[in-house]
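Here is a short report on one protein model. Look over the sequence and the fold, then read on.

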Amino acid sequence: DRYQRVFNNIILHAVKGISDGNDDNRAVSAQILRYCMQLNSQFHTTTIVPRCSGPLWIAVTKIGTISVCASDLLSLLAEVLSRDCASFLCSLREAHSSFSYDSLLHKLSEFIDHDSAHVNISTFHALSLIVEPIVKAAVGNGQNEDDINMSICKLLSRVFETYYTNTWAHNETDEISRVRDIAWKKTIEALASLLTQEFPENTAFVSLTLQYFRASRDSSSTSPVKIAAGTTVRDATFDSHRKASYALALFYEKLCSVLQMLPNLQNIIAVIIETMLQSPWVDQCEAACLLQVAISSNANWDKNNSRIPSPFECDLLTSYLTISPISILLKEHSK
C-alpha cells in the first residue's frame, strides 16, 4: 500500500508537470508517465490515460519548432494511444468543448517535418494508432463524413509527400521508413472505410495521382486536397520515387478492392500509366515505368480481373527496350 501511495503521488505530480512552463520539466514528466504506464498495475491504482489526456494534448498543441520536450510528449502520446485510444478521445471530448478530430490530425501532421528523427518516429507511430479510431469516433458522434473524409485525404497527401521529397531525407532511417509505411497503410484503411460506390471526381485518387506525377491541377478546380508544395521530381532520388510508386500502388489496390462496383477504375489507372509513358518529360515517363512495375509486383492484385498489363505485356513499355521514349528523344534533340 505504501508503494502504491508513493507511485500514485508521483503520477499525479507528473500529470501536473506536463503542464509546466519549462520544457525540461514537461519532458521529464512525460518520461515518468510513460515509464509508469509500462509498470505492472500492482504498483499503482491511478488510471493514467483519463488523467493525463487533457493536459497532454494541451502540451502537444503548444510544442514549438525547437521544443526539447517534443519527442518525449509525442512518445507519451503514442504510448497512451496504444493502450487506450478510445479513452483518450473521450477524455478530450469531455474536457474541451471546442475539440475536433480534424484538429488532432492536423496538429500531428505538423510534426512530420520536424528535424528530430525521434519526433518523426513518434509522430508516425501516433498517427498509425489514432487515424482509424478517429474515423470510427467521428462517424459515431455524428460528425459530417465529408469533413472527416477531407481531413483523411489531407493527411494522406501529407504522408505521401514524404515518400518522394527531401524534406527529411538526411534524417531518414529504416525505423522512420517502417513506421511511415505503417501510418500510410492505416490511413488508407481509414479512408477506405469512408468510401462509397459513387467515387466523386474530387477524391484522393485524383490528388495523389497528380502529386505523384507532379502535375498541376487547374486553378479554377476545387479539391479537398491541395497539391502539396515541395521539391520537384528532379529533386527526388530514384529510390525515393520508387518507394512512392509502391505506396501509390498500395493505395490503388485498396481502392479497386473497395470500389468493386467500378470496373473501369483499373482501366483508368492503365490509361494514366500509358499516357505518362508517352510524356515529353523524362521524370514523368520514369515515374510511369516505376508505377507500372510497382502495380505488377503487388501480390494483392486480383490477376484474373486486373486490366493493368504486366510490364512484359505492355507493348509501349517493352518497345522502350529498343526505341528511346519520346521524352529522351526530345531531350537529345534539344541539345
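## About the model

This is a predicted model, in which local features need pLDDT of at least 70, side-chain atom pairs count only at pLDDT 80 or more, and totals for chains, interfaces and linings use all residues. Residues are numbered from 1 along each chain as its sequence is written, and side-chain values use heavy atoms, leaving out hydrogens and water.

## Helix H2

Helix H2 spans residues 23-37. Helices are DSSP runs of H or I with at least four residues, numbered from the N terminus. H2 has 15 residues and reaches 21 Å from first C-alpha to last, close to the 21 Å expected at 1.5 Å a residue. That expected span is 1.5 Å times one less than the number of residues. At the N-terminal end, Asn22 caps H2: a side-chain oxygen lies 2.8 Å from the backbone nitrogen of Asp24.

Several H2 residues are buried, among them Arg26, Ser29 and Leu33. Buried means under 20% relative accessible area with a 1.4 Å probe, protein chains only. The buried residues of H2 pack against helices H1 (2-17), H3 (48-61) and H4 (70-95).

## Cysteines

The structure holds zero disulfides (cysteine sulfur pairs within 2.5 Å). Cys36 is buried at 2% relative accessible area. Cys85 is buried too, at 9%.

## H7 and H10

Helix H7 (residues 145-164) and helix H10 (residues 238-258) pack at about 145°, with axes 7 Å apart. Axes are lines fitted to C-alpha atoms over the stretch in contact, and angles run from 0 to 180 degrees between N-to-C directions.

Phe160 and Tyr163 are among the H7 residues that meet H10, whose side includes His241 and Phe251. Contact means heavy atoms within 4.5 Å.

Conventions
Helix = DSSP H or I, 4+ residues; strand = E, 2+ residues; numbered from the N terminus. Buried < 20%, exposed > 50% of the residue type's maximum accessible area, 1.4 Å probe, protein only. Polar contact = N/O pair within 3.5 Å; in protein donor to acceptor, adjacent residues only side chain to side chain.
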